Each structure stands twice: as C-alpha cells, then as structure tokens.
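Please walk through the aromatic contacts of this protein, and then look at one of its helices and at a patch on its surface.

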Amino acid sequence: MDGSIGQPVIRRDAAIKASGTARYASDFPHEGTAYAALAISRIARGHITRIDTIEADSVPGVQLVLTHRSLNATLNGETFVMKGGHMQSSFMPLSSDRVHYAGQIVALVIADTQEAAEQAARAVAIDYAAEHASAAMDDPDRIEVPMDAKSIDVGDAEAAFAAAPVTVDATYLTPAQHHNPIELYATSAVWQDGKLRVHVPSQWVVGTQAGLAKVFGIPMQDVHVESPFIGGGFGSKATILPHTVLVALAAQRLGRPVKLVVPREAMFTVGSFRPATRSRVRLAAERDGTLTAVMHDDTGQSATVDHVAFPATEVTARMYASPNIRMRAALVPTDVNTPGFQRAPAEAPGFFGFESAVDELAVALGMDPIALRLKNEPARDPVKGLPWSSRSLVQCYRRGAELFGWSRRTPEVGSMTAPDGSLIGWGCATATYPSAMCAAAARVRLAADGSCVVSCAAHDLGTGAYTVLGQVAADVLGVPDERVRVHLGDSTLPSGPMAGGSVTTGSAGSAVHMAALAVRDRLLQVAAGTTDTSGFTLAGGHVVGPDGSGRPVTTVLGSMPGGVIEETAEWKPGAMEATQMRKGLAGGIAFSGPVTETHASFSFGAQFAEVRVDPLLRTVRLSRMVGVFACGRIINPRTARSNLAGGMVWGASFALLEESRVDRKRAHFANTDLAGYHFSSSADIGEVVVETVDEEDTVVNAIGAKAAGEIGIVGMPAAIANAVYHATGIRVRKTPILVEDLLP
Ligand code: MOS
C-alpha cells in the first residue's frame with residue numbers, strides 16, 4: 001500500500017473553484033430573499049442627535065429600517081471572543097446612540113431588492129454630536145495601558161544590558177493593516193420553525209453556531225451554520241461579526257430570508273483588523289556574539305470598546321538562549337473598531353522589529369547574521385527550561401543558506417551590485433509559530449463500493465484542508481485519494497475547531513486519523529470474525545490474514561449490514577484536560593500549548609530575501625525569496641508549499657506595501673478600497689523557493705503535524721528590511737518601507 005500522507009495530492013476543490021462552481025456564502029439562494037444594506041458612521045466618536053428614516057422608509061420595496069431607535073432588542077447575550085465568547089467585539093452596533101469609531105454600523109436597511117436597500121441606506125438622515133477622536137496610537141493624547149499578566153522575567157536583563165560590551169536598543173513600528181479577503185463578508189439568514197440557518201464565510205462554524213444560539217436564546221442544535229468555501233479569511237472570519245447578528249434578527253422580524261453582502265469600504269470597519277504596533281527591542285551580547293540579555297517591549301493599538309492586543313513577547317522570548325530575558329506588553333486604546341486576529345497576529349508584526357534588531361546586533365558585532373543566530377540557538381525553551389517537542393531551526397538555516405547561496409554574500413553595505421547598476425541586498429530572518437492544538441471530532445465511513453467519506457466541522461480557507469484531511473483517512477485505510485470525499489464547514493458535522501492558530505491539520509487531522517483507525521480495527525475484526533485481530537493487516541485494498549491469504553476490503557464490507565463501517569472519534573491533545581476538550585467540542589475556545597507542562601512546541605523557519613534598490617529612484621524590487629521550514633510531518637507537500645509561499649508573498653506585502661493609512665484629523669482609515677490599500681501582485685514578487693525539512697514530532701499529536709498555516713509570513717518583513725539595509729546602509733525601522741524612507 002502506498003501511503004497517501006506525504007504525497008503532493010492536487011487539491012480536491014481545485015476544479016470546482018477554478019470553474020466557478022464552488023458556492024460561497026452569498027451564493028445560496030433562498031426563496032423570497034430580502035436584501036440588506038448598511039449605513040455607517042461618518043464620525044469617529046460622539047453620539048447620534050437625530051436619525052430620520054422617513055425618506056428611507058418611503059423608498060419603494062423597503063421592508064425594515066433598523067436603527068438604535070427601532071431595534072428595540074438587547075443583543076448582548078454573547079460576549080467578545082477574547083472574553084470567552086464568540087463575537088468579534090464586545091460592542092454591538094445599534095445598541096445605543098453612541099458612536100465609538102468611524103465606519104460603525106448606524107443603520108441596517110432591508111428591502112425587496114439590493115438597489116432599493118442601498119438607496120434607502122443612503123437616505124437615512126443622521127446628525128451627530130462629534131467629540132475629539134484619535135485612530136492612531138502615537139497621537140499625543142493616547143494613554144498606554146500595561147498588560148502586566150504578559151510580563152516575562154528571567155534573570156536580570158536590565159543589569160546584563162547595562163554591563164554588556166555590545167548592545168542594540170531600537171524601536172520599530174508597524175501600521176494598522178486590513179485582511180481584505182477577496183470574498184466580501186456576507187451573511188444570509190433564514191428562520192424556519194424557530195430554527196436559524198445561516199450561510200456565512202466562517203473559520204469557526206461550531207463557534208458561530210454556539211454564539212448565535214446564545215444571542216437568540218435557542219438551543220445550539222437549532223442553529224445551523226454552513227460555510228463550505230471561504231474566499232480568504234486570514235482571521236477576519238474567525239468570529240461572529242456583529243452584522244451577522246443583525247441580519248439574523250432582521251430575518252426573524254420579517255419572517256423571510258435576509259442576505260447582506262458588505263461592501264469593500266465597510267469591510268475596513270465592520271470586522272476586525274491587524275492593529276498597529278510599536279516594538280522596542282534591546283539586545284546585549286559579548287563580543288563573540290553570546291547573547292546576555294533579550295528585551296522586548298511590545299505595544300499594540302487597541303480599541304476603546306475592547307482592550308485587546310497581540311504581543312509577540314511569549315514567542316520572541318523563546319527564540320534565543322539568553323540567561324536574561326525581560327518582556328513587557330502594553331496596549332493603547334484608540335477610537336477604532338476592535339482589532340482582531342490577522343495571519344500570525346502577534347508574530348508577524350513582532351518579528352519585524354525583533355529580527356531586525358538581531359540583524360542590527362550582527363552588524364554591531366561585525367558578525368554574520370546566521371552565525372549569530374546559530375551561536376545562540378537554545379537547547380531548551382529559554383523561559384521555562386522545557387524541552388522542545390521538536391526544533392529544527394539549524395537545519396532550516398543550513399538548507400536555506402545553501403538554496404539561497406548565502407556563502408557568496410559580501411557583508412559590506414552596498415558591496416553587491418547588479419549589471420543594471422541596482423544595489424543588491426541579501427537579508428535573512430527567523431520565523432516561528434506556536435504549535436497549539438485543539439480538540440476535534442471526525443467521522444469516517446468506508447463503504448463496500450470502495451468509497452470513503454470523511455466529515456468534520458473544520459474549515460478549508462483555501463489552505464488545502466479538504467485535501468489533507470482526506471489523505472489522512474486514505475493513508476490509514478489504503479483507499480485511493482480519488483475515492484475519498486470530505487465534508488467540512490458545516491455545524492451539523494462532528495465538531496471541529498476554529499480555523500485559527502494554524503491548528504486545523506494537526507487537530508482535525510488527528511481526529512480523522514483516530515476515526516480511520518477505528519474503522520480499520522472494525523474491518524479487521526469482521527475479517528477475523530473475532531475481536532482478536534492479531535496477524536490481520538490491511539494492504540493493497542485487501543485484508544490479509546495470518547495465513548497470508550487476502551480478501552478484498554469490498555468483499556469484507558459487503559458482508560456487513562448496509563455494507564458500511566462508520567466510526568466517529570473525538571481527539572484531544574495529550575496535555576488537554578477532559579473538561580477543556582468538552583468545552584472545545586461544544587464550540588468554546590480551548591487551546592492546548594504551545595507550552596505545556598512537559599514541552600514547548602513551535603514550528604520554525606529560516607527566511608531569505610534578495611532586494612534590488614535603484615540607486616537613484618530608491619525603489620525596492622524584490623527579486624528572490626527563499627524559505628525553509630520545519631513544521632513536523634508534512635501531509636501534503638503541494639498544499640504546504642502553497643501555504644508557506646502565500647505567507648511569504650504576504651510578508652513581502654507587509655514589508656513594502658501594506659498600510660491602512662489613518663486620516664488623523666477625522667480619525668478614519670483613509671484608503672478603504674483596493675485601489676488605495678496596496679498589496680503585492682504577481683509582478684511584485686520574484687522567485688519564491690520553499691522547502692520543508694524532514695522533521696519528526698512524536699509529541700505534538702498522533703500524525704506529527706505542527707503548525708504550517710501562518711509561519712510563512714513571520715520572518716519575511718525583517719528579512720526584507722535586513723536586505724534593504726545590506727543594499728543601502730539605511731535601517732528602516734518601520735513598515736512599509738517606502739521610497740521616501742530610502743533617500744540618501
Ligand atoms: Mo489565524 S489569524 O489564527 O485565522
């Protein structure tokens with residue numbers, strides 16, 4: 001039997017996506033659907049003094065105009081995801097006359113046609129009393145709130161820093177960014193016999209089901225959430241966005257299906273975003289490069305309505321062996337919508353500063369930046385002294401350096417030039433991502449016709465989950481991949497975790513593995529005619545007995561009632577308590593790791609960039625990226641490569657293009673469309689080389705798969721900034737790196 005795990009199986013959803021037949025949340029027609037449109041706030045802070053819907057109500061076809069006056073319902077039965085609930089924010093729009101941020105939903109209009117809804121939404125007349133507002137964390141009136149619970153202290157870093165012969169002390173900035181998935185937020189809701197059915201692009205159908213049940217005070221089984229395909233999520237679709245609740249409420253009031261597609265402009269404010277960050281990094285070393293102190297003060301932009309930030313300090317603390325570590329986190333409330341998860345929420349911004357600082361230290365030491373990193377490679381987790389479940393960063397650097405040709409680098413600034421006169425810069429940086437795991441359930445069904453069905457309420461964000469979860473079952477059962485069907489993204493399936501924190505393959509994959517093993521055991525028992533299956537094996541589509549004789553699996557199954565074997569399994573990470581497992585399977589947040597009582601579990605990577613800087617125009621072109629990663633066992637090298645390369649492309653955008661610009665006077669995000677919000681197109685990306693190293697991790701889960709979803713972005717911004725320094729001698733400590741930052 002050829003194992004399916006490790007094969008570059010082509011994505012199961014490729015053909016239907018490419019042909020346009022895959023259906024997304026807004027593609028499910030319901031008879032008699034009414035259409036919704038939003039009115040959003042034009043001020044950033046204050047209150048509504050007058051809201052007049054007479055004109056809106058009189059637009060032909062208008063069915064309902066919901067404002068804070070007409071809503072007349074309390075929708076606060078569910079809380080913010082970071083407080084144990086499922087909502088993107090603690091704040092529910094239309095709950096009062098208060099405006100907390102620009103672009104806040106101030107009215108929802110439902111009409112017979114989309115056009116009428118939009119016309120009426122524009123006709124809602126609103127007067128505001130505006131107050132001073134600030135949407136940027138460095139505005140002078142903003143106050144920093146320490147997050148003391150996040151502090152980490154090992155040894156005495158301040159003293160070691162003061163005593164060290166070589167130090168770096170620098171501050172790095174990253175801006176607010178928005179996910180901008182191609183598929184807009186959309187919700188379609190319909191009630192029937194007191195039961196709610198919702199189509200919404202979701203990275204967490206079970207959590208959405210649990211949260212909506214709570215909001216509407218109905219049993220969880222009376223809510224059905226479907227999200228078979230997602231046109232990009234990146235964290236933005238992980239929680240319940242407030243408009244989904246409003247749409248479901250409107251559908252309930254009208255007694256007919258309601259559908260909302262959020263326009264691009266409103267995408268910037270009705271969901272979450274990646275908040276701006278400021279990282280002060282202090283590193284101290286002996287002259288031979290031995291680190292003696294590592295300090296990182298990570299401050300994140302937050303909202304006034306929710307104090308939340310995503311410091312990277314838990315992760316940066318674990319990168320290097322240092323006897324002295326000091327980590328601090330803080331947040332700065334601003335008048336914006338609640339920030340949230342965006343691909344590698346903590347790590348991508350935090351590592352820009354942290355890994356830039358490591359490069360600065362290498363320059364200060366006159367040392368090769370890879371040699372500096374390898375010299376300080378920690379044998380154990382430097383915070384708790386725990387062993388790694390696996391850590392192959394050294395192998396990543398060795399192979400990455402070889403692929404990139406690092407030995408041909410001349411370290412002096414500006415010493416490498418291209419035939420066209422452009423300055424060549426080579427830089428590198430380390431990437432990492434926590435390998436946390438969640439509980440998951442899965443069902444596997446094997447039929448006498450040789451087909452296999454895998455079901456789990458997990459999600460395929462375009463990551464390949466449909467394909468890899470099928471491969472795990474195919475591998476155990478010896479079924480050809482094309483005979484496996486996979487059902488995901490539906491809350492009626494066995495519970496799956498949020499597609500967040502890069503947990504899907506390891507967690508849902510382990511549940512599928514467990515269910516498939518149970519099916520195999522049953523099959524062998526049937527063939528053996530007893531529960532003692534010793535000597536029986538599954539090979540080449542046959543059950544082979546102790547005497548070497550084989551019977552086709554289909555024949556064995558044919559003797560079963562219904563000709564099928566079906567098993568459901570519930571898997572939990574080894575270190576997770578049973579109560580946490582139950583909570584997770586019921587749609588709650590329950591992560592195990594990345595640091596448990598016994599191990600620290602992270603994925604690692606070494607990333608390289610080559611830039612070409614025009615000596616006169618100061619434009620930066622990215623000619624080459626190399627990334628080598630260690631993410632445990634790779635179930636499918638094709639989909640893994642695709643994820644990792646996609647992350648690197650995003651990292652390139654992060655370094656050179658992406659910024660949600662703030663109009664400080666009006667406290668608005670200013671570039672709220674895809675013309676103004678820049679990210680890489682294919683022409684911006686040169687060669688992309690991705691490899692993974694062979695790595696076995698027997699601790700993290702049964703299939704040995706660590707996180708591979710988000711790590712690709714993490715090291716790229718610093719690698720590019722470090723390459724820009726190498727080319728120009730200019731150390732840009734903020735992203736995006738723009739022409740004006742590189743003027744000599
Ligand atoms: Mo990811 S930002 O954890 O969806």
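The paragraphs below take up ring pairs, charges over rings, a helix and a surface patch in turn.

This is a predicted model, and it holds 20 aromatic pairs. In one of them, the rings of Phe-229 and Tyr-466 have centres 5.6 Å apart and planes at 45°, so the pair counts as tilted. Phe-229 belongs to the loop between strand E12 and helix H7, whereas Tyr-466 belongs to helix H13, and the two are 237 residues apart; both are buried.

Another pair, formed by Trp-388 and Phe-602, is edge-to-face, with 6.2 Å from centre to centre and 80° between the planes. Because Trp-388 lies in the loop between helices H11 and H12 while Phe-602 lies in strand E27, this contact ties together parts that are 214 residues apart in sequence. Trp-388 is buried at a relative accessible area of 11%, and Phe-602 is likewise buried, at 2%.

Ring pairs also join Tyr-397, Phe-404, Trp-406, Trp-426 and Phe-608 into a cluster. Over the ring of Phe-404 sits the charged end of Arg-624, 4.2 Å from the ring centre. The charged end of Arg-731 sits over the ring of Tyr-725, 4.2 Å from its centre.

Helix H19, which runs over residues 716-728, spans 18 Å from its first C-alpha to its last, close to the 18 Å expected, and 13 of its 13 residues are buried. Just after H19, Gly-729 adopts a positive phi of about 80°.

On the surface, Ile-182, Leu-674 and Phe-679 form a nonpolar patch with about 280 Å² of accessible area together. Leu-674, found in the loop between strands E30 and E31, counts as partly exposed because its relative accessibility is 37%.

Note on methods
Residues are numbered from 1 along each chain as its sequence is written. This is a predicted model: local features need pLDDT of at least 70, side-chain atom pairs count only at pLDDT 80 or more; totals for chains, interfaces and linings use all residues. Side-chain values use heavy atoms; hydrogens and water are left out. Helices (H or I, at least four residues) and strands (E, at least two) are DSSP runs, numbered from the N terminus. The expected span of a helix is 1.5 Å times one less than its number of residues. Buried means under 20% relative accessible area, exposed over 50%, partly exposed in between (1.4 Å probe, protein chains only). Patches are made of residues with over 30% relative accessible area and no salt bridge: like charges are joined within 9 Å, nonpolar side chains (Val, Leu, Ile, Met, Phe, Trp, Tyr) within 5 Å. Accessible areas come from the Shrake-Rupley method with a 1.4 Å probe; for residues, only the protein chains shown count as cover. A salt bridge is a side-chain nitrogen of Lys or Arg within 4 Å of a carboxyl oxygen of Asp or Glu. Rings of Phe, Tyr and Trp (its six-membered ring) pair if their centres lie within 6.5 Å; planes under 30 degrees apart count as stacked, over 60 as edge-to-face and the rest as tilted. A charge sits over a ring if NZ of Lys or CZ of Arg is within 6 Å of the ring centre and within 35 degrees of the ring normal.
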